[in-house]
Every structure is written in structure tokens, then in C-alpha cells.
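Here are my notes on the model you sent. Please read them with the structure open beside you.

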Amino acid sequence: MLSDRHRREAAEILYVAERRRAPVRPLTERYEGIDARDAYEIQLLGIRRRRAEGAVVTGHKVGLSSPVMQAMMGVDEPDYGHLLDGMELREDTPVPVAAYCAPRIEVEIGFVLGADLPGESCTEADVLAATERVVPALELIDSRIADWRISLADTIADNASSAGYVIGEGRDPRALDLKAVEVSLHERGPAPGDPAPGDPGDRGRILATGRGDAVLGDPATAVAWLARTVARFGVPLRKGHLVLPGSCTRAVDVAAGRTYTADFTGLGPVSLTFS
């Protein structure tokens, strides 16, 4: 385990990297023996600093919850992080690519909580009972670690690569089989082969497809796992919070001038445009 001094130093390195949009080499190369508990304490130092600056925690996320994403990032278990009010994005407002280090998007079935979740005893049934609605979501992820060369400790310390999110309206989770929700991610933009602007109902090229059961077999399982995991650090999942359980598809790099739309069976679409 790291000393408190090294944890504070690591948190400062990540804070400056994000502010300057200047990625740094992996913490696992800087600090021999850094583990997941060190990394979560580093994350919490960063979150406390953000809250002292006025940020509000609006939810939490699970990352790397599908075999595809774990293989892509070279890790063998999920990670977790906080969502803040400054991360909220809008479908009608373009997102500047230059504001991030190496932005990507993920397709997620989000959970808006209508009641607090229990901690270490949380089950999938508890998650469904406490969820006010499930929503179509796109998460914007960004790594303050250069070239996405992350281990599990790196990404946890870096707030699970959190950067932004947008959600749609959603519906009662009990009205859907969340495991069977099918998703597709489409891209439109000024590239050869794009459909002409204005084509009704045409969302552009399909970049990725997936299903709800790509997320630990059931998105509700990922939420229950998160509640149990963060409870060990005294972090509750509260009424009104949004929980993003992990991506149903691979992550996709984004580019300026492109619009990305995720379609969910039973939930509808949600989009982000980048400038």
C-alpha cells in the first residue's frame, strides 16, 4: 500500500493532467505496489477536492463490466467511479473534443434511483425495487493516463475514466427484460458514404451492437455489485442518483463534426454531437 503522501501526490498528478488536458504515464509505473484500495483512496481525494470546489455528486458508474471492454483494456474485473454535475451533457449542445484528452463513448442502460440502495447486502432484486426508471445513456469516457495504457489501479484512481454522460427519458425497469435489450451505436458526419442530411430515420453507419446481458450477464447485477463494493469505503448510492452499470458494446473513439446515436429496444435513442 502507498503512504498518504504518495496518495495525495497521485491525486494531484491526475487533477493537473485533467485541467491541462495533458495525459501522464501510468501511476502503476510511478508507484510500486499500488493496489485497488490505494487507487480508490486516490479517487476519493480527487472527488473531495471537486466537491470543495462546488461540484455535486449526481451518481456513480461501473466501468469495464463486459468481457469485451475488459479485454480491450487488459483488465480482469470492473472498476468504479463518481459522476458529477459538471459531467452532465445535452443532446442539443455539441461537445468540444478539444476539451478532453482522448475521448470515447460507451452505450449504457442507466438506472435512476427512486430510493437509496442497501450497501454490502445489495441484490439485483433490491436494485429493481429501488430504481425509478431505466434510461438510454451515452457515457463519455476520457483517460488522463497517456494512450489509455491503464491497469485496474490506474483507471480506478482516475475516477474510472469518467468525463460526461447524457441520458434519455426511460421507463420502469420492471416493464423490460434488461438482459435482452438490444443496442446499436450509429455515427453520422462529414465522411464518405454518409447518408445525405435529412434522410428520415437514417442514423448513419452502425459502429457497434450489443445486448444488456453483455454487462455482467444483467445490468442490475453490475449495480448491485457497485453498491456492495463502494459500501466498504462508506460511499452510498442515494435516491436521485444515476448509476451507469457499464457498456453494452465496445468503446468508440469520437471525432469532431460527428453525431453518435445509440438505439435501445424498448428505451429509444439518445445522441451526442461533437465539435
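Notes on the model

1. Charges. The protein carries 32 positive and 41 negative side chains, and 4 Å separates the centres of the two sets. Please keep in mind throughout that this is a predicted model. The count of salt bridges comes to 18.

2. Overall build. There are 7 helices and 11 strands in the protein. Its radius of gyration is 18 Å, close to the 19 Å that the globule rule gives for 275 residues, so the protein is as compact as a globular protein of that length. The C-alpha trace spans about 60 × 40 × 35 Å along the principal axes.

3. Inside and surface. Of the 275 residues in the protein, 55% are buried. The accessible surface is about 11600 Å², and carbon and sulfur atoms account for 49% of that area.

4. Glu-29 and Arg-149. These two side chains form a salt bridge, with 2.9 Å from N to O. Glu-29 belongs to helix 2 (residues 27-30), while Arg-149 sits in the loop between strand 4 (131-141) and helix 6 (152-157), so the pair ties together parts that are 120 residues apart in sequence.

5. Glu-139 and Lys-61. A salt bridge joins Glu-139 and Lys-61, and their closest N and O atoms are 2.9 Å apart. Glu-139 is in strand 4 and Lys-61 in strand 1 (residues 57-63), so this pair links parts that are 78 residues apart in sequence. Glu-139 has a relative accessible area of 1%, which is under the 20% cut-off, so Glu-139 counts as buried. Lys-61 is buried as well, at 2% relative accessibility.

6. Asp-142 and Arg-144. The side chains of Asp-142 and Arg-144 also meet in a salt bridge, here with 3.9 Å from N to O. That distance falls within the 4 Å limit, so the pair is counted. Both residues are buried.

7. A network. Which residues are joined by salt bridges that share partners? Glu-12, Arg-19, Arg-49 and Glu-53 are linked in this way into one network.

8. Ala-220. This residue is found in helix 7 (residues 219-231). Ala-220 is buried, with 2% relative accessibility. Leaving aside residues up to four places away in sequence, Ala-220 touches Phe-111, Glu-124, Val-127 and Leu-128. The C-alpha atoms of Ala-220 and Leu-178 are 8.0 Å apart in space, although 42 residues separate the two in sequence.

9. Ala-153. Ala-153 is placed in helix 6. Its relative accessible area is 9%, and Ala-153 is therefore classed as buried. With residues up to four places away in sequence left out, Ala-153 touches Thr-28, Ile-34, Asp-35 and Ala-39. Between the C-alpha atoms of Ala-153 and Asp-79 the distance is 8.7 Å, while the two residues are 74 apart along the chain.

10. Backbone angles to check. Most residues other than glycine have a negative phi. Which value of phi does Ala-160 have? Ala-160 is not a glycine, yet its phi is positive, about 55 degrees. Ser-161 is not a glycine either, and its phi is positive at about 60 degrees.

11. Where those angles sit. Ala-160 lies in the loop between helix 6 and strand 5 (162-167). Ser-161 lies in the loop between helix 6 and strand 5 too. Ala-160 is buried at 2% relative accessibility, and Ser-161 is buried at 3%.

How values were computed. Residues are numbered from 1 along each chain as its sequence is written. This is a predicted model: local features need pLDDT of at least 70, side-chain atom pairs count only at pLDDT 80 or more; totals for chains, interfaces and linings use all residues. Side-chain values use heavy atoms; hydrogens and water are left out. Helices (H or I, at least four residues) and strands (E, at least two) are DSSP runs, numbered from the N terminus. The radius of gyration is taken over C-alpha atoms; the globule rule is 2.2 Å times the number of residues to the power 0.38. Buried means under 20% relative accessible area, exposed over 50%, partly exposed in between (1.4 Å probe, protein chains only). Accessible areas come from the Shrake-Rupley method with a 1.4 Å probe; for residues, only the protein chains shown count as cover. Lys and Arg count as positive and Asp and Glu as negative; His and the chain ends are not counted. The place of a charge is taken as NZ of Lys, CZ of Arg, CG of Asp or CD of Glu. Contact means heavy atoms within 4.5 Å.
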